[in-house]
Protein chains: 2
Amino acid sequence: MVKPQDEVRSGLEVTSPERGVPAQKPVTLAMVAKHAQVHYSTVSRALSPNPTGIGADTVKRVRELATLLGYRRDEGAAALKRGRSRLIGVLVPRLTDVALATLYAGIDDAASLAGYDTVVANTWDEAERRRSRLDSLLSRRVDGIILADSHIADHTAHELSKLGLPCVLAMRRLPSEVSVSTDDLAGGRLAAEHLISRGHTQVGIIAGDITASTGIERSQGFTSAYRESGMDVPQSHIIASGFGALAGYEACRKLLELPERPTAIFAADDLTAVGAMGAIRDAGLRIRNDIAIIGYNDIDISKQLPIPLTTIRSPLLEMGRASLKKLLDRISGRPVDSELLKPELIVRSTT
Amino acid sequence: MVKPQDEVRSGLEVTSPERGVPAQKPVTLAMVAKHAQVHYSTVSRALSPNPTGIGADTVKRVRELATLLGYRRDEGAAALKRGRSRLIGVLVPRLTDVALATLYAGIDDAASLAGYDTVVANTWDEAERRRSRLDSLLSRRVDGIILADSHIADHTAHELSKLGLPCVLAMRRLPSEVSVSTDDLAGGRLAAEHLISRGHTQVGIIAGDITASTGIERSQGFTSAYRESGMDVPQSHIIASGFGALAGYEACRKLLELPERPTAIFAADDLTAVGAMGAIRDAGLRIRNDIAIIGYNDIDISKQLPIPLTTIRSPLLEMGRASLKKLLDRISGRPVDSELLKPELIVRSTT
DNA sequence: CATACATGCGCCAGTTATTGC
DNA sequence: CGCAATAACTGGCGCATGTAT
């Protein structure tokens, strides 16, 4: 269904001579060259980071003239010439999730520092949309891709490798691919140990997306720790939720209706934890006194909530920066390994 | 080739092909052409949206071959040729603010539908960073820019116009520029009227950024409505806060310390409202019973909070889509006007 | 009518020509 | 005359599109 060429373009003219807007042409090397009375290739050299084969005075003169005229290198044209776009693609389920937005902020920050631009796309966990967005990125000839939306049965990373396109997973892991993520097994463990130390024997899990490594491993780490302490978390007490506060609310309601109601809940994500808190309150129960709750990620608001949320902190900004850095390493052909960042327990008022 | 004198400064590379990765070259028109036994311009025509001057069978044959070979048009090269990049730049203070992320989701969605890609940049409200990111966008030869971070004394939009680059403001307004935003005066009014109807005579405002139209007009609409009802909101009760929950927390504390403590607070943003709720609770006061609070935007979590937040809903997704559409109109030279979206009062439990 | 050919978008980098000592 | 340094010249990168066959 995906055609290499773009067909449907609502109303936008393509072929008609665009009129109406000034559309002044940007200053080119040639224009600067004319003013400077030199060949345009000389201008190109003078404007390069460390000019070679050009007199220092010429460099200075040309550079001044260039800024004066408002010259800005056409990155697209340069990319065409050198075969590298200095563009990084980022695929993310939803930027409206603060955790992902923070991750992306880290990526964007590091990229911009390294002289790269990023193109990010929301995939909303929809295969169709994802494919079409990925197509766009490939058309833009991105130098590499960061995948923050991988699912367990997803082969995208592998396919990209076959295309020779460097790629790094972020946030979510996949055994056979290079990734930067939090040690979610350890994170789940931290949560469990904390609840155990608080004396909770009946617990429930709001697992988030169990087709993603995050959902899987956070739950797994948690249940492992409980099992090792001689307690079991029955399958019935592990709810696969969607994303966001509403999903958390609904998942929590299911937990509250269980015959053996948990006295503590581990939510694999702060936002779902917030929703869960709403459900607990709506059920006429008191948070912590009746039901404790612990989240994951430590997003901005967790600390400021009416009842500050106990949570597992995940270094999201750092994760973003690290994944970008790793991607650049791959692009340069340097050997890279996956990286696991350390989660940290932040105890506040909900446990 | 080796110049003896260069040994001293051998640290300064000039041309290191830095390779290491397969870096397979993408399929080009020429390759498809070779396989199809036709001239590459024929392939180009066959792959264009509505091929002209080409036999239907040739079109079919070429297209099949193209998909088979995995051909993907090089957007960068195409852009160079046609003088349009099909790239839209977006400047945003911070994507980590859900409201902005939602706005961007709308933009991105509409852009992708129209065959455009977007490049977004966080400016963090820092002039320096903003300038450098804007520079990047210009270097990428974006076809237009959406500014979601404009301040009152900001002339960027005007300067872009002078460059002939179409641009639209989103979220925040500026009198002389084309924008898509919520009617914040009306929104502030809605909030005020609601609080008035609840009998609150002593109120406070957490105004957010008062160098942005949002902060200004939401406060202004609010105070106007109060004044027209014969009540005044003293300047001392209007706190200019920063962004996020923490800022809301601190601003609220200031309000609570006032000699004439307000019985209700209008926060110009849901996130700051959340922080404010934390401060109210920390002060040992009860939300609604002691102090009512109303927010703005109606972000996802507002509804699911332990105490669901009364707020003014702003159609953020729609705003994003509309601003992109308007930008495309400008790009095509169609006449455009600013647009004000209607805010809506959502009454929940905090008032 | 269907296809092939040719031009050039703006830039980078390898190669060649022009200086000055 | 040799040899640097300095600058000009040249050939495309992949594609769209006007023109020739």
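# A first tour, in questions and answers

Reader: Which residues of chain A do ring pairs link into a cluster?
Author: Rings of Phe, Tyr and Trp (its six-membered ring) pair if their centres lie within 6.5 Å; planes under 30 degrees apart count as stacked, over 60 as edge-to-face and the rest as tilted. By such pairs, a cluster is formed by Phe222(A), Tyr226(A), Phe266(A) and Tyr296(A).

Reader: Thanks! Before we go on, what pLDDT must side-chain atom pairs have to count?
Author: The pLDDT is the predictor's confidence in each residue, from 0 to 100. As for names, residues are numbered from 1 along each chain as its sequence is written, while chains are lettered from A and ligands numbered from 1 in the order in which they are written. Side-chain values use heavy atoms, leaving out hydrogens and water, and in this predicted model local features need pLDDT of at least 70, totals for chains, interfaces and linings use all residues, and side-chain atom pairs count only at pLDDT 80 or more.

Reader: How many contacts does the stretch 1-22 of chain A have beyond near neighbours in sequence?
Author: Chain A averages a pLDDT of 92, and 93% of its residues score at least 70. Over residues 1-22 of chain A, however, the pLDDT is below 50. With a contact taken as heavy atoms within 4.5 Å, this stretch of the model has, beyond near neighbours in sequence, a count of 37.

Reader: Let's look at the sheet of chain B. Which strands stand at its edges?
Author: Strands (E, at least two residues) and helices (H or I, at least four) are DSSP runs numbered from the N terminus, and two strands pair if DSSP finds at least two bridges between them. In chain B, 6 strands make an open sheet with parallel pairing, in the order 2-1-3-4-5-11. Two of these have a single partner strand each, so one side of each is left without a neighbour: strand 2 (117-122) and strand 11 (339-341).

Reader: Which helix of chain B packs on this sheet?
Author: Within the sheet, strand 3 (residues 144-147) and strand 4 (residues 167-170) of chain B pair in the parallel sense over 3 bridges, and Leu147(B) stands opposite Leu169(B). The packing helix touches strands 1, 3, 4, 5 and 11 of chain B, and its direction makes about 165 degrees with that of strand 4. Such angles run from 0 to 180 degrees between N-to-C directions, with axes fitted to C-alpha atoms, for helices over the stretch in contact. The one asked for is helix 12 (residues 316-331).

Reader: Which residues of strand 1 of chain B point the other way from Leu87(B), Gly89(B) and Leu91(B)?
Author: In a regular strand the side chains alternate between the two faces of the sheet. Strand 1 of chain B is mostly covered, with 6 of its 6 residues buried; buried means under 20% relative accessible area, exposed over 50%, and partly exposed in between (1.4 Å probe, protein chains only). Opposite to Leu87(B), Gly89(B) and Leu91(B) point Ile88(B), Val90(B) and Val92(B).

Reader: How far apart are the ring centres of Phe266(B) and Tyr296(B)?
Author: The whole model holds 6 aromatic pairs over all chains. For Phe266(B) and Tyr296(B) the planes stand at 50 degrees, so this pair is tilted. Phe266(B) lies in strand 8 (residues 264-267) and Tyr296(B) in strand 9 (residues 292-297) of chain B, so the pair ties together parts that are 30 residues apart in sequence. Both residues are buried, and their ring centres are separated by 6.3 Å.

Reader: At what distance from the ring centre of Tyr296(B) does Arg218(B) lie?
Author: Arg218(B) belongs to helix 9 (residues 213-228) of chain B and is buried, with a relative accessible area of 5%. Its contacts include Phe266(B), Tyr296(B) and Asn297(B). A charge sits over a ring if NZ of Lys or CZ of Arg is within 6 Å of the ring centre and within 35 degrees of the ring normal. Arg218(B) lies over the face of Tyr296(B), at 3.9 Å.

Reader: Is Trp124(B) buried or partly exposed, and at what relative accessible area?
Author: Trp124(B) sits in the loop between strand 2 and helix 6 (127-139) of chain B. Its phi is near 55 degrees, a positive value in a residue other than glycine. Trp124(B) is partly exposed, at 27%.

Reader: And what relative accessibility does Asn297(A) have?
Author: Asn297(A) lies in strand 9 (residues 292-297) of chain A, with a positive phi of about 115 degrees although it is not a glycine. Asn297(A) counts as buried, at 3%.

Note on methods: Lists of a residue's contacts leave out its neighbours within four places in sequence.
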